[in-house]
Amino acid sequence: MTTQLDLADIQGNILQDFVSGYPTARFVFLRISDASMARTFILEYRAKVTTALRWSSSNAYAGKILAKKPKVAINMALSWEGFRVLELPTRTLARMPPEFIDGMKARAEVLGDVGCNDQSRWDVAWKDRAHILVGLNALIDPATGKPVPELDVETDYLRELCDRHKITIMQGHGKDTPWQDACAILVQNEATYKPVPREHFGFVDGISNPVFEGQFGDTNADQVMAVGNGKLLQSGQWVPLATGEFLLGHPDEAQETPDTTFPSEIMRNGTFLVYRKLHENVASFDGYIAASAETYSKLMNVPVADAREIIKAKMAGRWSDGVPLAVAPTIEMWKAFNAQPVGPDNLTRYVDFRYGDDPEGLKCPVTSHTRRTNTRDGLTGNSSALNNRRRILRRGVPYGTTSQDDTNEHGIIFLAMCANLSRQFEFVQQQWLNYGLDANAGNDTCPLVGNRAGDAKFLIPVDPQGGDAPFICSDIPQFVEVRGGDYFFLPSMTALRMIGMGIVDPT
């Protein structure tokens, strides 16, 4: 029997990736001035929040259809400061995790938010800490590529509700806008606009995400979706991760239900949300890849165009179209892979692969981005045991319009969800992205998103039997810069009601 989750109690974007079905997003950050009025606001706005109840186009999600797919899906999250100004009891506040209490700004040294990521470079909106985050995910009109009109309708309603309850919408995102807009990159095919799963550097993104018990509502569906996305057993079988790695109040991979706070209902069926605005320096990236490809082409005797694709793939761990290096380690194999007819076997191979048979990173460099963020069986040989407790759900979406410069407003709104900020998100960010010890790379950071300090380099290994020297990318510039962010919590519908009614009693 699969784990049966209370879908009506869980906010929708946790189980279902809204980004894949809602190409546009609007993130509105709020500050509270009156606790009593803010509680009334939460109680009223709770009716707008989208739950995890299935709708007819929920793709692989099984179970009864109990909801109609909204044109705008809505989430509401609170920072620790938000909980505090809502006047939750001290005993409740004090038992929340210290990293959540601190917030992202105070964790700068842990997260690598120094140097180019220094908070002096952040958007003006982050000068003060947000109390509430409202996420509006909207459909688009395929004829225009614009969000459906309902997005402005919901935004106007939110603004009116904020005015009525003395809640301030925080200004100063990007070019001083009242909220952060984001949208998948769109391509026009004849008279129709279609979103594509690419980010501004040109990589296909969002291919793999963790699958946990009960997520798809059916044992068979959970098992099928877990292939390549769950945990790898020593038997070689893929199975879903424990629910408690992503939803509080459920057993985790240690077979424990961790303590949260009092009363437990405040955090049960909720999860922590990481919000980070990541600016992409497109000109720096394209220029560096082009220059490195010229050198690589001469040393390795390959065409410059192929060299460019190879360097990008080695840095990312996947080819630009998402094909894993572990499956197609050479450009010839990549082209052969793409020459095959598209079918279920091909699609599975995008996620069903391992690193345990490639300890030296000859196929996929150990220091590549995807291998750092999801080590699979690369650290334990024939299982993913050490990796299972570091997984995060990713729900990011691009913002801005791609252009060949570094100054334009474009990048990714990185959203991550997990049950333990320190053990999951912060560990990956600090130990695997901004440090290289587990990859035997010293202080070398992730070649794509790592924070640079001194001579940043990236090594592309080669088979020593071939007699060639490895290729070293040196003096890598800063490709990605942080422009703001914080830690939030996505409460259950029960918790939102308790907070709104002011009946939080830790005794």
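**Chat: a glutamine, a helix pair and a histidine**

User: Where is Gln-223 found?
Analyst: Gln-223 sits in helix H9, residues 219-226. Keep in mind that this is a predicted model.

User: Which residues does Gln-223 touch, not counting those up to four places away in sequence?
Analyst: Gln-237, Trp-238, Val-239 and Pro-240. For Gln-237, the C-alpha to C-alpha distance from Gln-223 is 9.7 Å, and the two are 14 residues apart in sequence.

User: And how exposed is Gln-223?
Analyst: Gln-223 is partly exposed, at 30% relative accessible area.

User: OK, switching to helices. At what angle do H3 and H8 cross?
Analyst: Roughly 155°, with the axes of H3 (residues 35-45) and H8 (residues 150-164) coming within 9 Å. Angles over 145 degrees count as roughly antiparallel, so that is how H3 and H8 run relative to each other.

User: Is that crossing left-handed or right-handed?
Analyst: The H3 and H8 crossing is right-handed.

User: Which residues meet there?
Analyst: From H3, Met-37, Phe-41, Glu-44 and Tyr-45; from H8, Tyr-157, Leu-158, Leu-161, Cys-162 and Arg-164. That contact has 7 nonpolar and 2 charged residues, with no polar ones.

User: Last one: is His-250 buried or exposed?
Analyst: His-250 has a relative accessible area of 8%, and under 20% counts as buried, so His-250 is buried. Its place is the loop between strand E9 (238-239) and strand E10 (271-280).

User: What does the His-250 side chain make a polar contact with?
Analyst: The side chain of Asn-269, at 2.9 Å. Beyond four places in sequence, the contacts of His-250 also include Leu-5, Glu-256 and Arg-268.

Terms used: Residues are numbered from 1 along each chain as its sequence is written. This is a predicted model: local features need pLDDT of at least 70, side-chain atom pairs count only at pLDDT 80 or more; totals for chains, interfaces and linings use all residues. Side-chain values use heavy atoms; hydrogens and water are left out. Axes are lines fitted to C-alpha atoms, for helices over the stretch in contact, and angles run from 0 to 180 degrees between N-to-C directions. Helices (H or I, at least four residues) and strands (E, at least two) are DSSP runs, numbered from the N terminus. Angles under 35 degrees count as roughly parallel, over 145 as roughly antiparallel, 65 to 115 as roughly perpendicular and the rest as oblique. A crossing is left-handed if the near helix is turned anticlockwise from the far one by less than a right angle, and right-handed if clockwise. Contact means heavy atoms within 4.5 Å. Ala, Val, Leu, Ile, Met, Phe, Trp, Tyr, Cys and Pro count as nonpolar, Asp, Glu, Lys and Arg as charged, and the others, Gly among them, as polar. Buried means under 20% relative accessible area, exposed over 50%, partly exposed in between (1.4 Å probe, protein chains only). A polar contact is a pair of N or O atoms within 3.5 Å; within protein, one must be able to donate a hydrogen and the other to accept it, and residues adjacent in sequence count only if both atoms are side-chain atoms.
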